[in-house]
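Subject: Structure handover and findings

Dear colleague,

I am passing on the structure we talked about.

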Amino acid sequence: KVNFITSHIALFEMARIRSGDRVLIECATGGVGTLAMQMARECGAKVVGLTSSPHKKDYIASYGAEAMTSEEFYAMDDLGKFDLILNSSGGVFIKRQLPYLSITGRMVCLGISSGVDNGKRNIFKMLHAAIRTPRIPILRMFDPNIGVFGLNGLRVLEDSSWKSKMREVVLSTSFENIRPHVDEVFKAENVVQAHRYLESKQATGKVLLGW
């Protein structure tokens, strides 16, 4: 539910994407990214999905998106501009991706994965990412005509006004074919193995625990 609502709010409440828009999804192989790729493609957007693991490019391509590693993406100089960027790394990567926004382009920041080390929050990496997160003055967004949003899906679900609206959003969506991808289901007592699997960067979509 959180992944669906996060994807939906990012794409349609905040970014207001339309058919023909170019969308960059940095977290393309995760739970939110998998749903966001499907939603964006379903409404006619052109999607580029990024991954840090070359072997996951086929997974991204299977959803109709153009797949690239982060290294390939930043090495290219003819990618053009994007109407929407879903940023999950935070930190310096926000500043690094801002020039890729088109006029009236929107960036939605979903987290700070650059502050994670081997699947765990690292206090030093979190501080480093926080320090390198750009402080973007409103005046600096006038000339390029861009917008930057921050989104915490859990906070939205806790909001009383959104609790009543959430059912309406889910029921009104025309995305009957949108499906989450469950990679592996581990028994609850094997939670250590589940975390190790996540840390190995082999996972795509969601990794679940079963009781």
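The notes below go from the whole chain to single residues.

**Overall**

This is a predicted model. The average pLDDT of the protein chain is 86, and 86% of the residues score at least 70. Among the elements, β1 has the highest mean pLDDT (98), while strand β7 (residues 120–121) has the lowest (56). Where pLDDT is low, the predicted coordinates should not be read in detail.

The protein chain contains nine helices and ten strands. It has 211 residues, of which 43% count as buried. Of the contacts with a separation of 6 or more, 58% are between residues 24 or more positions apart.

**Salt bridges**

The whole structure holds three salt bridges. Side chains of opposite charge can pair when their charged atoms come close.

Arginine 106 and aspartate 21 are both buried.

Another salt bridge is formed by the side chains of lysine 57 and glutamate 72, at 3.1 Å from N to O. This pair links distant parts of the chain, with lysine 57 in helix α3 (residues 57–61) and glutamate 72 in helix α4 (residues 70–75), 15 residues apart. Lysine 57 has a relative accessible area of 23% and is therefore partly exposed. Glutamate 72 is also partly exposed, with a relative accessible area of 33%.

The side chains of arginine 155 and glutamate 158 meet in a salt bridge as well, at 3.9 Å from N to O. Arginine 155 and glutamate 158 are three residues apart in helix α7 (residues 153–158), so about one helical turn separates them. Both of these residues, arginine 155 and glutamate 158, are exposed.

**Buried positions**

Helix α1 contains serine 7. Serine 7 counts as buried because its relative accessibility is 0%. Beyond residues up to four places away in sequence, serine 7 touches Val32, Leu35, Ala36 and Met39.

Threonine 34 sits in helix α2 (residues 31–42). With 1% relative accessibility, threonine 34 counts as buried. What does the side chain of threonine 34 make a polar contact with? The partner is the side chain of tyrosine 59, at 2.7 Å. Tyr59 is also one of the residues that threonine 34 touches when those up to four places away in sequence are not counted; the others are Ala28, Thr29, Tyr63, Arg179, His181 and Gly205.

Valine 47 is placed in strand β2 (residues 46–51). Its relative accessibility is 6%, so valine 47 counts as buried. Valine 47 and aspartate 21 are 8.4 Å apart in space, C-alpha to C-alpha, and 26 residues apart in sequence. Apart from neighbours within four places in sequence, valine 47 is in contact with Val23, Ile25, Met37, Ala40, Arg41, Ala65 and Glu66.

Valine 156 is in helix α7, the helix of the arginine 155 and glutamate 158 pair. At 15% relative accessibility, valine 156 counts as buried, whereas arginine 155 and glutamate 158 are exposed. The C-alpha atoms of valine 156 and threonine 6 are separated by 8.5 Å, although the two residues are 150 residues apart along the chain. Leaving aside neighbours within four places in sequence, valine 156 is in contact with Ile9, Leu151 and Trp162.

**Surface**

Which residues form a nonpolar patch on the surface? They are Val191, Val192, Leu209 and Trp211, which together have about 450 Å² of accessible area. Valine 192 lies in helix α9 (residues 191–199). Its relative accessibility is 45%, so valine 192 counts as partly exposed.

Regards

Note on methods:
Residues numbered from 1 in each chain as written. Predicted model: local features only at pLDDT ≥ 70, side-chain atom pairs only at ≥ 80, totals over all residues. Heavy atoms only, no water. Helix = DSSP H or I, 4+ residues; strand = E, 2+ residues; numbered from the N terminus. Buried < 20%, exposed > 50% of the residue type's maximum accessible area, 1.4 Å probe, protein only. Polar contact = N/O pair within 3.5 Å; in protein donor to acceptor, adjacent residues only side chain to side chain. Contact = heavy atoms within 4.5 Å. Salt bridge = Lys/Arg side-chain N within 4 Å of Asp/Glu carboxyl O. Patch = residues over 30% accessible without salt bridge, like charges linked within 9 Å, V, L, I, M, F, W, Y side chains within 5 Å. Areas by Shrake-Rupley, 256 points an atom, 1.4 Å probe, with all protein chains shown as cover. pLDDT = per-residue confidence, 0-100.
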